[in-house]
Amino acid sequence: MNSPINISLRDSIIQIGHLLAHTTNVAQTDDVFDVNYLIDFLAFRVGQEYPAIPCKAGCSQCCIDSGLPRTTAAEWAVIYVYLKTQMPAEVVADVLARNERLHRSQIPLLLQEQERIQEPLSKTPMPPIGCLECPFLRDQMCSIYPVRPAICRGFGNFTLRLPGRDPSVFACQMAADTLLEDLQARQIAGLELPAWNKFIEKVYALNQAFGGVAATLPLWLFSHLTPDGHLGDNWQPTPDFEALIS
Ligand code: SF4
Ligand code: SF4
């Protein structure tokens with residue numbers, strides 16, 4: 001990702017668009033057949049083209065303000081293996097404790113959120129979940145950065161098109177405003193960012209092979225706990241989330 005790029009961003013977007021059609025997995029192969037690889041590449045190219053975008057290492061406000069990323073079972077599979085095999089046990093314990101503290105009382109609302117999450121581009125309003133902080137945020141850093149969900153990779157670098165609405169920068173308001181102000185200052189007409197829709201739609205399409213379920217990270221974590229509160233040994237692509245309140 002660090003090699004010089006000699007083609008325009010527009011051509012990169014077109015080429016990656018062609019490659020997207022041939023992707024076979026999300027978060028598994030780390031090559032051109034992996035949707036996340038293509039998202040990361042485009043985010044890198046967008047950062048080169050628009051250096052004013054403020055999404056840099058250390059900025060984690062979106063993980064606090066809107067840190068309940070829609071995460072497919074395909075992505076959870078990779079995160080789960082990371083937790084079981086890569087993350088130190090004391091960090092896993094800390095993440096689980098954070099999840100309990102931040103989100104246990106919100107499970108009924110998180111279950112309401114499920115219907116919305118099953119649609120990759122739903123524009124239904126979110127239920128009034130009080131705390132939106134991601135359980136994986138530790139010391140202002142993402143503790144699962146190498147395996148973070150696709151939506152976390154794309155946020156800040158794409159445009160989003162929802163039915164009946166104008167396209168918008170897929171980022172926090174501050175990032176969108178900063179980017180647009182920079183374009184104005186540099187007298188650049190027209191912002192050219194890749195479209196998020198087709199990437200997230202592809203993630204959801206590939207997730208069908210895993211049972212098609214998507215959920216927030218707190219629910220994935222709660223659904224994989226043992227009775228004594230540890231991360232269980234069995235990964236489940238289609239847990240019974242409703243059982244969490246029965
Ligand atoms: S979207 Fe906003 S809060 Fe998130 S990393 Fe970018 S600038 Fe920071
Ligand atoms: S998974 Fe990581 S990047 Fe995504 S919201 Fe959580 S802390 Fe932020």
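User: What radius of gyration does the chain have, and what would a compact globule have?

Analyst: The chain has 18 Å, which agrees with the value near 18 Å that a compact globule of 246 residues would have. That radius is taken over C-alpha atoms, and the globule rule is 2.2 Å times the number of residues to the power 0.38. Keep in mind that this is a predicted model: local features need pLDDT of at least 70, side-chain atom pairs count only at pLDDT 80 or more, and totals for chains, interfaces and linings use all residues. Residues are numbered from 1 along each chain as its sequence is written, while chains are lettered from A and ligands numbered from 1 in the order in which they are written.

User: What box do the C-alpha atoms fill?

Analyst: Roughly 60 × 35 × 35 Å, taken along the principal axes.

User: And how many helices and strands are there?

Analyst: The chain has 10 helices and six strands. Helices (H or I, at least four residues) and strands (E, at least two) are DSSP runs, numbered from the N terminus.

User: What share of the residues is buried?

Analyst: Of the 246 residues, 32% count as buried. Buried means that 20 or more other C-beta atoms lie within 10 Å of the residue's own; with 12 or fewer a residue is exposed, in between it is partly exposed, and the C-beta atoms are placed from the backbone.

User: What about contacts between residues 24 or more positions apart?

Analyst: They make up 74% of the chain's contacts with a separation of 6 or more. A contact is two residues whose C-beta atoms, placed from the backbone, lie within 7 Å.

User: Which residues touch the most others in the largest nonpolar core?

Analyst: V26, V35, I39, A150, F199 and V203, out of 51 residues in that core. A nonpolar core here is a set of buried Ala, Val, Leu, Ile, Met, Phe, Trp, Tyr and Cys residues joined through C-beta atoms within 7 Å. Not counting residues up to four places away in sequence, I39 touches A150, R153, G154 and F199.

User: I39 sits in which set of buried residues?

Analyst: That of α2, where the buried residues are V35, N36, Y37, L38, I39, L42, A43, R45 and V46. They pack against α1 (9-20), α7 and α9. The 15 residues of α2 (residues 35-49) should span 21 Å at 1.5 Å a residue, and the end C-alpha atoms are 21 Å apart, which agrees. The expected span is 1.5 Å times one less than the number of residues.

User: Now α4: what do its buried residues pack against?

Analyst: β1 (71-72), α5 (89-103), α7 (150-154), α9 (196-207) and α10 (217-222). The buried residues themselves are A73, A74, E75, W76, A77, I79, Y80 and L83.

User: On to the ligands. What surrounds ligand 1?

Analyst: P54, C55, C59, Q61, C62, F155, G156, A171, C172, M174 and A175. The elements giving two or more residues to that shell are α3 (61-65) and α8 (173-185). A residue is near a molecule if its C-beta atom, placed from the backbone, lies within 6 Å of it.

User: How does that shell split by class?

Analyst: Nine nonpolar, two polar and no charged residues. Ala, Val, Leu, Ile, Met, Phe, Trp, Tyr, Cys and Pro count as nonpolar, Asp, Glu, Lys and Arg as charged, and the others, Gly among them, as polar.

User: Is A171 buried or exposed?

Analyst: A171 counts as buried because it has 23 C-beta neighbours inside 10 Å. A171 is in the loop between β5 (168-170) and α8. Leaving aside neighbours within four places in sequence, A171 is in contact with C55, F155, G156 and A176.
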